[in-house]
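Hi there,

Here is the structure I promised to pass on. Have a look at it first, and my notes follow below.

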Amino acid sequence: MIKVEGLTKRYARTVAVDNISFEVEKGQIVGFLGPNGAGKTTTMRVLTCFLPPTSGTANVAGFDVLENPMEVKKRIGYLPETPPVYPEMEVVEYLRFTGRLKGISSADIGKKMNEVIERCALGDVSKKLIGKLSKGYRQRVGLAQAIIHNPDVLILDEPTSGLDPKQIIEIRELLKHLSGDHTIILSTHILSEVEQSCERVIIISQGKLVAIDSVANLTNRLRGSESVALEVESPNGTPNPSDVQGRLEQVSGVSRVVLKDSKNGKLAFEVESLQGRVIRAELARTVVNSGWNLSELRAVGLSLEDIFLELTSTEKKKAAPDEAPAPEGGKQ
Amino acid sequence: MKNILLICFKEFKGYFVSPIGYAVMALFALIFGFGFYTATRDMVQMGFRAQMMGQQQPMSVNEMVIRPLLGFAGTIALFLIPMITMRLIAEEKRNGTIELLLTSPVKDIDIILGKWCGAVLLYMCTLGMSVLNIAMLFLWGKPDLKPVLVAYLGLLLQGACLLAIGTFISTTTKNQIVAGGVTFFVCLLLWLLSWFTAFGTGAFSQVINYLSIVTHMDNFSKGVVDSKDIVFYLSMIFFSLFLTQRSMESLRWRA
């Protein structure tokens, strides 16, 4: 659906995107990850025909962005970083305008508007001026604008920024609902976001492609060990720390157990697994079988976060000697 | 075509959700109304005086009121046009909505024409305020209609031309104030050109004179339709819109 080959975008002095190639299949949700200033927005702008590439090609739904921009534009819905809304317009008025602009006929526009208002839960504010809406609502209006003409490809630049947790979940649901018929590329620097809603991840850093793979593969490939925080208490007084530690160490797949804290009759441990082993279920069973209560058990640190940091920071080290320092610090 | 109208009406409506549309029209109506009052008063007084002296010279409403008034309208418009055009594209750039327009399946030229047409529409409404005054002369007098129509055509062309220049300037900046200010000075310059060269006879002064917006207005306000003037205005409009289109294109390359 989307095919990018050797894409480079140079601004006056800086190279924003450097020789990136990737492909996205129809119906996939792809997360576009990278630190600030990595070139996410630039790549998206090239895909939406807003910026022409300096070199390389980008092909969306079978049309080249340079040769056939009109056809590409008909097939994409784009939500830029700041929602492109007119503050002096009412929500319905705005949706009518953008819908018509994207080629919806005046006969269909009413139906499409109602559909999209319902999908983005804008019913309560449909008669309000956009300028009076909160950031979250504006974001949703922007999203409504992007999906109103039912495009093949959706390109969303940080779709969940400025939303509250409930809205983020709603947007996530909406995106899941939309995938299948639609191909979605969304950029973000919130990693849990990608883990939860994307099938594939493209990580770029300083304009270069660092990794492209499915979320599961990436986590598997690069995950060192799983780290689990564990809290144990006993029904009859504080359990003996060394006793608990010994039992935990015997669980298969555990490489290291560290006692973190001990207070109010609770012992907190951090347990690390061996490479690629899943240990949480076994840990829980062991604790309970030994007659203790398991008051907490959670994976520590988002694994993708570690991968992300590792990838983007090693890239930086490698790139540092032969390149001028980037104007912005490439850190999360 | 559909897209041009869509953007045109959006733009036109936009003038009336902000105070700018009302401000432009009200200011014009106020100043023009004042000019109208003094011009008619003077004419009536002169009429009385002429009668008392026993002179029987025919007095023309066209010559004495309408012509200077519509020339005056052109001058007022000169000051109002930057107010009309300054927001056109500068505001879209500031709001980020330019991204919406440029990634929608709409040609750049449609966007530009739509915006310019919206501005011309507001300008026409503004000129419409003066029709109220002029119509009174027709109610109580018998002025000649044709030169009035020609003068309005001239005003429209002159305005459309300055609006096109303003649209171009609005693409070059994000800042409405800058766009408005620069447009004002460019309009002023084109207006003043005729002053500098009024008595010059060399080829250079003639070229400069030709470029002056106001010299072309003269014929129209006399009631003369000269193809030279029409060609001048139309080519200025075309050239400015062409520059606008180029400037929009460069937005993509520079971004």
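**A sheet in chain A**

In β4(A), A:Ser55 is the bridge partner of A:Thr8. Before going on, please note that this is a predicted model, in which local features need pLDDT of at least 70 and side-chain atom pairs count only at pLDDT 80 or more, while totals for chains, interfaces and linings use all residues. Residues are numbered from 1 along each chain as its sequence is written, and chains are lettered from A and ligands numbered from 1 in the order in which they are written.

Helices (H or I, at least four residues) and strands (E, at least two) are DSSP runs, numbered from the N terminus; two strands pair if DSSP finds at least two bridges between them. Strand β1 (residues 2–10) of chain A pairs with strand β4 (residues 55–60) of chain A through five bridges, in the antiparallel sense. β4(A) is also joined by two bridges to strand β5 (residues 63–64) of chain A, again antiparallel, and here A:Asn59 has A:Asp64 in β5(A) as its bridge partner. With two residues between them, β4(A) and β5(A) make a hairpin, and A:Ala61 in the turn has a positive phi of about 50°.

Put together, these strands belong to an open sheet of four strands in chain A, in the order β2-β1-β4-β5, with antiparallel pairing. β2 (15–24) and β5 of chain A are at the edges with a single partner strand each, so one side of each has no neighbour in the sheet.

**Chain A as a whole**

Chain A has eleven helices and 14 strands. Of its 332 residues, 41% are buried (20 or more other C-beta atoms within 10 Å of the residue's own, with C-beta atoms placed from the backbone). Among contacts (C-beta atoms, placed from the backbone, within 7 Å) between residues at least 6 apart in sequence, 69% join residues at least 24 apart.

**Where the chains meet**

The contact involves 21 residues from chain A and 19 residues from chain B. On the chain B side, α1(B) gives the largest share, five residues.

Best wishes

How values were computed. A residue is buried if 20 or more other C-beta atoms lie within 10 Å of its own, exposed if 12 or fewer, and partly exposed in between; C-beta atoms are placed from the backbone. Two residues are in contact if their C-beta atoms, placed from the backbone, lie within 7 Å.
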